[in-house]
Amino acid sequence: MNARSVPEEVRPDAPARPPLVRELLLVSGLFLAYEFGRQLATGHTAEALRNAHHVWDWERFLRLPDESTVQSLLLHGDTLIHVANTYYATVHFPATVAFLAWLYLHRPAHYLWARRILAALTGAALVLHLLFPLAPPRMLGATGLIDTARVFGPSVYGPPKTDQVSNQFAAMPSLHFGWALTVAVGLIMATRSQWRRLWLLYPLTTLTVIVGTANHYWLDVLVAAALLGLALTVLRLPHRPRRTLAPRPVHHHRRPESRRRATAERRELVGADR
């Protein structure tokens, strides 16, 4: 009985890693375009404060939790609130860059997907920043919240009227949360560890920090999550790489006619010996 091995169908390899120089220029260009676009929304102080009052009223109408509840948790000690302010000031960009770098080196297909997701999310956020300038809760006296960065430090913002580096009226949506959630979703999709869902602790920590430091409202977070959900719906997730299966032996059995013919031949040989 003969046997031969026939390989199973194997899924085509993942896309090749895109050229590094091109990707560095592209990602840097996206960040610069976003920073430049944010500057276009500066100088709308009265409109931003008016919108802030509207957002605060909408949250009370929707019975969303009071941001002061989260801030009170961080104000239990100077060290905790200082750590929260430092987290807000230093983690956002480096974590996103590290995420993209790891995907580029180890998961090229997921890297291309994540880069498109971040570009779509950031572009949609920029449009909202231009159409709906919004002062953060730390600037709105009605909230009763304090500007923790100004009081306890460190702070990345100067006085709104003289701050030429950042647009402080771009609270909605929160890209701190949107990017953090993108990082978590991307790492969950790109890895196989049974602990990979723990990456959700990153956006959860970011959520606690941005609300507790009075830099964002709950609605800023909800809008960012909605925009990310829309981007995930439009841009298809890459398939997980499948393991290559070992060749599967295929056995070829003799047909019934062949077996009958062989039996008859054996009988003739036996009769001839008699």
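User: Which residues touch the most other members of the largest nonpolar core?

Analyst: Keep in mind that this is a predicted model. In its largest nonpolar core, which has 40 residues, F99, L100, Y111 and F177 touch the most other members. Several helices give two or more residues to this core, including α1 (20–39), α5 (92–106) and α8 (175–190). The most comes from α6, with nine residues.

User: What is F99 in contact with, leaving aside its neighbours within four places in sequence?

Analyst: That would be A114, T182, V183, G186 and L187. There's also a second, separate core of 13 residues, and A52, F169, A171 and L219 are among them.

User: Why does T122 count as buried?

Analyst: Its relative accessibility is 11%. The cut-off for buried is under 20%, so T122 counts as buried. You'll find T122 in helix α6, where T122 touches Y34, L175 and W179, not counting residues up to four places away in sequence.

User: What makes the pairing of the T122 and W179 side chains a polar contact?

Analyst: The two side chains are joined at 3.1 Å, and the cut-off is a pair of N or O atoms within 3.5 Å.

User: How do you know that the buried residues of α3 are on the same side?

Analyst: The residues in question are E67, V70, Q71 and L74. They cover an arc of only 100° around the axis, which puts them on the same side of α3.

User: What covers the buried residues of α3?

Analyst: The cover includes α2 (45–61), α4, α7 (148–152), α9 and α10.

User: What makes D66 a cap for α3?

Analyst: A side-chain oxygen of D66 lies 3.0 Å from the backbone nitrogen of S68, at the N-terminal end of α3. With the cut-off for a polar contact at 3.5 Å, the D66 oxygen and S68 nitrogen are within it.

User: And the whole chain: how many helices and strands does it have?

Analyst: The protein chain has 11 helices and two strands. Of its 274 residues, 39% are buried. Among contacts in the chain with a separation of 6 or more, 85% come from residues 24 or more positions apart.

Notes. Residues are numbered from 1 along each chain as its sequence is written. This is a predicted model: local features need pLDDT of at least 70, side-chain atom pairs count only at pLDDT 80 or more; totals for chains, interfaces and linings use all residues. Side-chain values use heavy atoms; hydrogens and water are left out. A nonpolar core is a set of buried Ala, Val, Leu, Ile, Met, Phe, Trp, Tyr and Cys residues joined through side-chain atoms within 4.5 Å. Buried means under 20% relative accessible area, exposed over 50%, partly exposed in between (1.4 Å probe, protein chains only). Helices (H or I, at least four residues) and strands (E, at least two) are DSSP runs, numbered from the N terminus. Contact means heavy atoms within 4.5 Å. A polar contact is a pair of N or O atoms within 3.5 Å; within protein, one must be able to donate a hydrogen and the other to accept it, and residues adjacent in sequence count only if both atoms are side-chain atoms. The arc is that of the directions from the helix axis to the C-beta atoms.
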